[in-house]
Amino acid sequence: MNSSTARLRRLDGDHHFHPYTDARAVERNGALPIVRGEGIYVIDSEGKRYIEGMAGLWSVAVGFSEPRLIQAANKQMEALPYYHSFSGMTHPSVTELSEKLVSISPSGLSKVFFTNSGSEANDTAIKMVWYRANALGMPNKKKIIARKNAYHGVTAMSASLTGLSKNHMAFDLPFPIVQHAMTPHYRADSGVSEQEFTHQCLVDLEVLIQREGPDTIAAFIGEPVMGAGGVLPPPLGYWEGVQRILRVHDILLIADEVITGFGRTGSMFACTTYNIQPDILVLSKQLSSSYQPIAAVLLTASVFQPIADKSAEIGVFGHGFTAGGHPVAAAVALENIRIIEQEDLVGNSRRLASVFRAHLEALTTRPEIREVRAVGLIGAFEFHPDPRTGPGAIAAAFRANLLERGLIARNIGDSIALCPPLIVTETELDGIFEIIRNALDEFLA
Ligand code: PLP
């Protein structure tokens, strides 16, 4: 280890309280300093290269060294490094980005509100839903339905929407105003057909709505494809059925496309892939390729109008963030979307989806692999649970083995998730799976 790495690791261990980390383990073992990025690669402080098979945190669509995004940030820094949109002010980047998002998003969405993170955006969406219910004289229609294994973030409200126990334990969450429906994870080895399973999910949702009282439920929130919960594409007919039920009970649909937005599933938005017509759409991550922190909440007119009326009555919509719609973040997001369009990264995701899936499916011939899941350029393979090591242990060790071999992936339960940058090529995908196959051969032996 060179002296600069040793210093970084020591200082980091002493002073940096890491998110999503065992705080004692990182004090003991230190963290891995990443110092540069190039295309689909990142490079650590010792010069070792890794394929970023997770695009950072499911987010760096255009790769790690895109000069156009650096130029866009510099240009905006020089012109106007900061401004806000409170109290009737605005700036060109946020205006242009609003128009762009409305023009490319599913039809009906016409207004955009900006935050700095996906968590804040989901929090904001829920506050808007509550504000609207009050505006419409329905103060009891406030409950939110999310799903077990969902991931919607970590602020107190968005962590309540999240359906993962580690985001609730010791935090006194979730808030009881959130109820979780069952996880729509179909398993071919479950003994029921996919159609029957979808039916079970819909019955579970209907029963939950009846138990809570349809008049008390304001919204349902869902990721079109569950991401951090394990990469779970929906079973056949699921979204059609969910939307049918929500319409009957006048429950709004919030689509959380923080991971799936901007081409991940092979369409610009997964709402198109799965024929979802959301009332509210939440975007972040690939919105700016995470070069800058930014997220967006898009609303239909029927969601926006009552909120606007209420804000006129009160005199203000009392919600907003100092850095929401930050000019540098907005300028970078705009340029990032232009790159995604001009380089046809959505098309790349769609075209390479079959290659990606074929590589994953080839792994199912191995007895250790229970199932694989994929849509577009997001996927996972799952190990059979091993009673000797306990849940998640093999995947955690396998992820560490891949890291040694220069591939960054994520372990989720017994699964290994992959979500490469959208610029990935077929040859690079072949390389990723060669590493995985070699690792499986040697690690499992
Ligand atoms: N929603 C989804 C679907 C996510 O995957 C994430 C983060 O991974 C979030 C929301 C939260 O976003 P952030 O980490 O920017 O708060």
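Which residues of H14 are buried? The views below, taken from a predicted model, include the answer.

**View 1. The open sheet of four strands.** The strands are ordered S11-S12-S15-S14 and pair in the antiparallel sense. Strand S11 (369-375) and strand S14 (410-412) are at the edges; each has a single partner strand, so one side of each has no neighbour in the sheet. From one strand to the next, the twist averages 20 degrees.

**View 2. Pairing of strands S12 and S15.** Four bridges join S12 (residues 378-383) to S15 (residues 415-418), and the pairing is antiparallel. Glu382 has Ser415 of S15 as its bridge partner.

**View 3. Helices H13 and H15 against the sheet.** Helix H13 (residues 345-362) lies across S11, S12 and S15, at about 175 degrees to S11. Helix H15 (residues 426-444) also lies across S11, S12 and S15. The angle between H15 and S12 is about 10 degrees.

**View 4. Helix H14 (residues 393-404) and its buried residues.** H14 has twelve residues and spans 17 Å from its first C-alpha to its last, close to the expected 16 Å. Ile394, Ala395, Phe398, Asn401 and Leu402 are buried. Viewed down the axis of H14, the buried residues fall within an arc of 120 degrees, so they line one face of the helix. In an α-helix there are 3.6 residues a turn, so residues three or four places apart point the same way. The buried residues of H14 pack against S12, strand S13 (407-408), S14, S15 and H15. Gly406, which follows H14, has a positive phi, near 90 degrees.

Key:
Residues numbered from 1 in each chain as written. Predicted model: local features only at pLDDT ≥ 70, side-chain atom pairs only at ≥ 80, totals over all residues. Heavy atoms only, no water. Pairing = 2+ DSSP bridges. Helix = DSSP H or I, 4+ residues; strand = E, 2+ residues; numbered from the N terminus. Axes fitted to C-alpha atoms, helices over the stretch in contact; angles between N-to-C directions. Contact = heavy atoms within 4.5 Å. Expected span 1.5 Å × (residues − 1). Buried < 20%, exposed > 50% of the residue type's maximum accessible area, 1.4 Å probe, protein only. Arc of directions from axis to C-beta.
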